[in-house]
Amino acid sequence: MTSFCHSCVPLACLVVATIAGCGPQRVSAPVADAAAASAIREGLASTAAVAATGGEAAVVGTGWASLKGRFVFAGDPGQPKPLAVDKDTEVCGKSAKLFDQSLRVDGSTKGLADVVVFVRKSSRVKNPVPDAPQVFDQKNCEFLAPVFTARVGQPIDVRNSDPVGHNTNIDGTSFNQLIPAGQGTTYKPDSEMGAPKTVTCNIHPWMKAYVIFRKDGYVAVSAADGSFTIPDLPAGEPLEFQVWHARATGSGGGVVLARPDLKWNPKGRFVITLQADEAKDLGTLEVPAGSIGT
Amino acid sequence: MGKRLAGIFWSLLFLAVPVLGVATFAIAPAYDHWLPKDVSEHGASIDSLFYFILALTGVVFVVTEVLLFWFMWKYDESKRQGEATYIQGSHTLEVVWTIIPAATLLFLAIYQMNAWADVKMRRPAMSPTVEVVARQFEWRLRYPGRDGTLGTADDLFLVNDLHLPIDEDVLVQLKSMDVLHSFFLPNVRIKQDAVPGMKIPVWFKAREAGSYDIVCAELCGWGHYKMKGRVTFETRAEFDAWLERKYAEQGATQPPPEAADVAAAE
Amino acid sequence: MNTSFATLRSTLLLAVVVAAVGCGKTPPASFRLNMVQATKTAAPESGMEKPWAAWASERQGQVATILEAMYGTPDEPVALAETGLDLAKLQLAAGPVRSDIVGRKNGLYREHCVHCHGISGDGMGPTAAFLNPYPRDYRPGKYKFKGTWRDARPAREDLTRVLHEGVPGSSMPSFALLPPAQVDALVEYVRYLSMRGETELALYTYAEQELGVDDTLPTTKEFLVDEILTPIVEKWQGAEDARIPIASVPTNVDFTKPGDDPANRESVARGRVLFHGDGGCVKCHGVTALGDGQANDYDDWNKVIVEWSKEVSGGLGSAQDDAGRSAWLHAAADVIEGDALRPRTIPPRNLRLGLYRGGRRPVDLYRRLYTGINGAPMPGVGPSGPGGKGSVADAEIWHIVNYIRSLPYEFDGELGADRPMVAKDRF
């Protein structure tokens, strides 16, 4: 050690030791309240008969009705972005260039397509689950339906009309199958989804669609001009509808609108009671620009 | 008076060193703190070398320490009678106490050459019984399979559970997958560093059946302390039967029957 | 220079260093919430009066309290009767490492698993950031290497097998030398951590879907047990019955012989046709099966972070004027930075190495092909559920297995030095 700086070494050690504890810190997470936890635990362990929650008895009416409306987009959708196609380029994007289909707004009518409207809980269903399979196909390395719906228990014929193999991966289900060129396979959903889930292809990562399985089948997807219809809804009971869009900014993908007459709630839901044989028309449902994100 | 007491205290303190040292070695075997059980053929020669060196150094140690105590006791400051003799050093002494240890070392080096050669140089002419690949933090094993050649499609892959036959020469091919490790079988007196990029042969012959430890003896990372395996020595017949069982498990085309039976019974 | 003062100063400074480096008692271990999911599902709604951070923290505190009620703490686990978990096994695995009154070792999870898998089973222990692939996050309840349908939970022997064999090619070691009772205790504790993680996710989903901003999570038995816990437990208890059927091996397949043996030639040829066919195996695994077909996909655990991260950075730009949303997205960004591992892509397996993470037995390869690998992009070629139809007949899958097993040795002797790395050179 030179006579110049006798304390250099300890000083350096101090600096190092202090810095050694630094680094990206884990976010502070809330802790449990131990007393409240034991109270809850006692409640869970009790075998006392639980008093039937006095809540409203489920209102069940008779008859059937239908609901329709039309979604329009008040904002500027911009130009659809082209997708980065870097696999099987001799086939993919050959017949038509591939664009991002997550926000489809009709130029003339401003209709917002691919909005999913479904009933969150219903007491009765008019039509039984059909046996005939619905077709879900892919061609030119894109899924032909950007949003697809099916009923629980209804067979889906998942097809591949391309000359290359695809694997169709439905998130949250047991289905991730390799489908060779020109072939297909059947899938029967066995449980319903609370919100639409993605369908992707792992071989061609730009491919994306949405799918929702519901037990009662009261689901509609808005068409290119933004219009939708749900027939055969149970009349005489309050029905809560969820409105969803792939790029909506509401919680869980809900579309938030200004419709105080429908008591539109911030989660993208509204409640309506239909009369028997009523064909309720919600009119034009304007989706503000802020409700659809990037 | 105080000085004399101090002198007595310090000399007795230094006497405690050889006394406690010898006592520790004397009672350690009773507490099983001694060499691990040796089941190998060459182990006896290694152990006898250890004992020889222990005896040699032990005697020198005791003599030196006792002398130290004696001089501290006899020539304590309180008994000083006049000036101490100042000498410039003794050339004869320097030569004597250089020559004697050097000769001892030379003797030891020559004496142990045979034992070293047996373990590290006289490789038996045989193909490997097993390939051990050290990996952070386990021992991956590869047996040659029915065709007797490593690197073919019928090799048997296992982890941590090494089985070897007794009463035969065994050749282990030692490799490392990542960093330095050391293949240490205490009960067979084998220790060999596994160097990444090298294929190192290790051979020995076990005389007695039983299950013993494989431990890693070269610091290899945070899991070095728990990088343990198990070596099981068994007769050739038992070893072959075990290999057959493992081939069958590795070629399984159905889940093992016990699991399915358990599930059926549930 | 006054040396005694200099020495004193040096010693003093050294003493300060030593004191600064570590003082204080260690707090008892506690579970952490899944902060990524907690923030992801806590979007602010218009018309919230409280500032977002306070509201979210209160909601998360409720979730933490409910989880402690249902599952206890890392030192004192709780197993509700409805979960079917064996509390004695959990107690062996939980808590600090110690011996109990009969001399059995307790604290097994903390001794063997916590440094990689984390105290909450989140795969983010202190060692995790240095490992590739990352340790398993038990909380979503997804497991890769099992013998049940793709979306089903693993059966107990699948978990036992992973503990016994380890996962070759990853940092998961083999625990074959642990006594079976300890392995069983660890398997039970993994199921416990998984159930706890899934309960947490179910509570967040419920809060996001059903609760208004001023509502609190219900803590009644009907809600917590019947609505939240029962579907989770049913999936775990149904795992034993959700095993895939294993087709019998065709007569022209002999797994005791190598791939180029005449007994297997026809089968390996058929497997080669299926592998290189228009199914698409080579699109990811490459025409040479070296796993060089594609390198930009993520497994499910990393994909959640990648996609959420994209949404957050996209939303940050447009949320400048909304205080609640801005606070939410900034908090989400902090969580992604500090409470999640950096996402890594998952490369397709190099089939020439002879290294199979889920096991090298023919039945293991059959299972990977049949259902694919849950949580990974690997698709299945068998049916997706009982009674379904796959893209390859069940018995034909054995030919693909035979071909794959022959791949590491395929060029032995043929091309000589100019050949892909084969299993005999690399283990």
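Chain B has a radius of gyration of 28 Å, whereas a compact globule of 266 residues would have one near 18 Å. Along its principal axes, the C-alpha trace of chain B spans about 95 × 50 × 35 Å. These values, like the others in this report, are computed from a predicted model. Of the 266 residues in chain B, 21% are buried, and among its contacts between residues at least 6 apart in sequence, 69% join residues that are at least 24 apart.

**The sheet of chain B**

The secondary structure of chain B comprises six helices and 10 strands. Five of the strands form an open sheet with mixed pairing, in the order 4-10-9-6-7, and the edge positions are held by strand 4 (161–165) and strand 7 (190–194), each of which pairs on one side only. Neighbouring strands of this sheet are turned against each other by 25 degrees on average, direction ignored. At one end of the order, strand 6 (residues 181–185) of chain B pairs with strand 7 of chain B in the antiparallel sense over five bridges, and B:Phe184 stands opposite B:Lys191 of strand 7. Helix 5 (residues 236–250) of chain B lies across strand 4 and strand 10 (229–234) of chain B, and its direction makes an angle of about 140 degrees with strand 4.

**Contacts between chains**

Two pairs of chains are in contact, and of these chains A and C share the most contacts. Chain A and chain B, by contrast, do not touch, their nearest C-alpha atoms being 18 Å apart. In the pairing of chains A and C, 54 residues of chain A are in contact with 67 residues of chain C. On the chain A side, at least two residues each come from helix 1 (8–20), helix 2 (34–45), strand 8 (166–170), strand 9 (176–179) and strand 10 (184–187); helix 2 of chain A gives the most, with seven residues.

**Domains of chain C**

The domain assignment of chain C gives domain 1 (35–241) and domain 2 (262–297 + 346–409), with C-alpha centres that lie 31 Å apart. The two domains touch through 13 residues of domain 1 and 14 residues of domain 2.

**A lysine in chain C**

Is C:Lys146 buried or exposed? Its position in the chain is the loop between helix 6 (114–117) and helix 7 (156–165) of chain C. The count of other C-beta atoms within 10 Å of C:Lys146 is 25, and a residue is taken as buried when that count is 20 or more; C:Lys146 is therefore buried. Leaving aside its neighbours within four places in sequence, C:Lys146 is in contact with C:Pro154, C:Ala155 and C:Asp158. C:Glu198, which is 52 residues away from C:Lys146 in sequence, lies 19 Å from C:Lys146 in space, C-alpha to C-alpha.

Key:
Residues are numbered from 1 along each chain as its sequence is written. Chains are lettered from A and ligands numbered from 1 in the order in which they are written. This is a predicted model: local features need pLDDT of at least 70, side-chain atom pairs count only at pLDDT 80 or more; totals for chains, interfaces and linings use all residues. Two residues are in contact if their C-beta atoms, placed from the backbone, lie within 7 Å. Helices (H or I, at least four residues) and strands (E, at least two) are DSSP runs, numbered from the N terminus. Two strands pair if DSSP finds at least two bridges between them. Axes are lines fitted to C-alpha atoms, for helices over the stretch in contact, and angles run from 0 to 180 degrees between N-to-C directions. The radius of gyration is taken over C-alpha atoms; the globule rule is 2.2 Å times the number of residues to the power 0.38. A residue is buried if 20 or more other C-beta atoms lie within 10 Å of its own, exposed if 12 or fewer, and partly exposed in between; C-beta atoms are placed from the backbone. Domain bounds come from an automatic or database domain assignment.
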